[in-house]
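Okay, thanks everyone, let's get going.

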Amino acid sequence: MIKIEGLQKSYGEIKAVDGIDLEVHDGEIFGLLGPNGAGKTTTISMISGVLKPDAGRVTIDDADIWLEPKKVKRSLGVVPQEIAVYEDLTARDNLSFWGSLHALRGKNLRGRIDDALGRVGLADRADSLVKTFSGGMKRRLNLCMGLLHRPKFLLLDEPTVGIDPQARLSILEIVREVAGAGTTVLYTTHYMEEAQELCDRIAIIDHGKILTIGTLDELTRQSGEGEVLKLIGSFDEMTATRFLSGVPGVKLLRVMEDTAMVSVRTDGPGLLAVLPSILESDLTIDDVSIQKPSLQSVFISLTGRELRD
Ligand SMILES: Nc1ncnc2c1ncn2[C@@H]1O[C@H](COP(=O)(O)OP(=O)(O)O)[C@@H](O)[C@H]1O
Ligand SMILES: [Mg+2]
């Protein structure tokens, strides 16, 4: 288990991490979801022992990262947000170098390199120079380095930033497989969909604080948000706002010229009662889509802001 207690880190006036408590249980994929600047990387850096906290502590299987760094680092794989591979080396040479830093060598190291490259689907490109790789392949190699010493815990800091959707799916699939094989994963992202699809539990972080923790179900239920109705049409902001905020069982999320979004409260009369009164109103609605309860509505209800992709 990764246990974080009262963790704090400031940069001058900025409280990057402002008193975080969390537990990542063995076997789960735990998501740390928050917008840019929320404090995700600062948190990961303190868990991995790169950055010393101002206060609080991190223990991994009861060993303190600052008191027993060697022991902890053996069981920890870290995949940093910035890609840390050498462009002028081959994939295999990057991994050999990395492995030697972790005291791996010889046949053992070679076996692990083949194994890790296979897991991220790069076996056939092992001897190509990294500078010939696509962004997605570099990300996969970056991930590979975190897997090389077969850690029990894997920390992934925004591993899909800056790559195309196809490459992103392949990273998510690799993470699922790694977790399926018994590795505990802490995954940070600012993409709601990723947290939603991938993670067993999710913590939402903003301004260095954890706002809520739970499964997707728990989070959506907690906030009292049900389905989100997205109305496409042509709206006068004031009229639409006045009308929609008066519909019983509905929470207004936002109104723009061509879209309005409301969520159906779980403690109200429900979707089937709400929908007709909206459709039969004087609003000009061309199309309605219904989204399942999502982290989008949870984030809005917690912060009053949208978590944008
Ligand atoms: N080395 C640093 N010096 C000064 N401020 C920093 C430094 N690293 C991070 N910050 C600030 O701390 C806050 C949290 O940053 P970070 O942990 O990188 O967020 P995230 O990874 O969620 O985008 C931000 O306001 C950021 O500008
Ligand atoms: Mg970051």
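So, what percentage of the 309 residues in the protein chain is buried? Buried residues make up 38%. By buried I mean that 20 or more other C-beta atoms lie within 10 Å of the residue's own; 12 or fewer is exposed, in between is partly exposed, and the C-beta atoms are placed from the backbone.

Quick housekeeping. This is a predicted model, where local features need pLDDT of at least 70 and side-chain atom pairs count only at pLDDT 80 or more, while totals for chains, interfaces and linings use all residues. Residues are numbered from 1 along each chain as its sequence is written, and chains are lettered from A and ligands numbered from 1 in the order in which they are written.

The overall picture, then. The C-alpha trace spans about 75 × 45 × 35 Å along its principal axes. We have 11 helices and 14 strands; those are DSSP runs numbered from the N terminus, helices being H or I with at least four residues, strands E with at least two. Take the contacts between residues at least 6 apart in sequence: 68% of them join residues at least 24 apart. A contact here is two C-beta atoms, placed from the backbone, within 7 Å.

Let's start with the sheet that has the order β2-β1-β4-β5. It's open, with 4 strands and antiparallel pairing, and pairing takes at least two DSSP bridges between two strands. The edges are β2 (14-24) and β5 (63-64), each pairing on one side only. Between β4 (residues 55-60) and β5 there are 2 bridges, and T59 sits opposite D64 in β5.

Lying across β1 (2-11), β2 and β4 is helix α1, residues 40-47, at about 120° to β1. Angles like that run from 0 to 180 degrees between N-to-C directions, using lines fitted to C-alpha atoms, for helices over the stretch in contact.

Now, which element gives the largest share of the shell around ligand 1? That's α1, with 3 residues. β2 also supplies at least two. The residues around the ligand include Y11, I14, G37, K40 and T41, where the cut-off is a C-beta atom, placed from the backbone, within 6 Å of the molecule.

Next up, α6, residues 165-180. At 1.5 Å a residue, its 16 residues should span 22 Å, and the end C-alpha atoms are 22 Å apart, so that agrees; the expected span is 1.5 Å times one less than the number of residues. I171, V175 and V178 are buried in α6. Down the axis, the buried residues fall within an arc of 65°, so they line one face of the helix; the arc is taken over directions from the helix axis to the C-beta atoms. They pack against several elements, including β3 (29-33), α4 (106-119) and β8 (184-189). On the face turned away you'll find P165, Q166, E177 and G180, which are exposed. After α6 comes G182, with a positive phi near 110°.

Last stop, the other sheet I want to show: open, 4 strands, antiparallel, order β12-β13-β11-β14. Its edge strands are β12 (250-255) and β14 (284-291), and neighbouring strands are turned by 25° on average, direction ignored. α11 packs on this sheet, touching β11, β12 and β13 (259-265), at about 95° to β11. Buried residues in α11 (residues 295-303) include L295, V298 and F299. Just after α11, G304 takes a positive phi of about 75°. And 7 bridges join β11 (residues 225-234) to β14, with L231 partnering V288.
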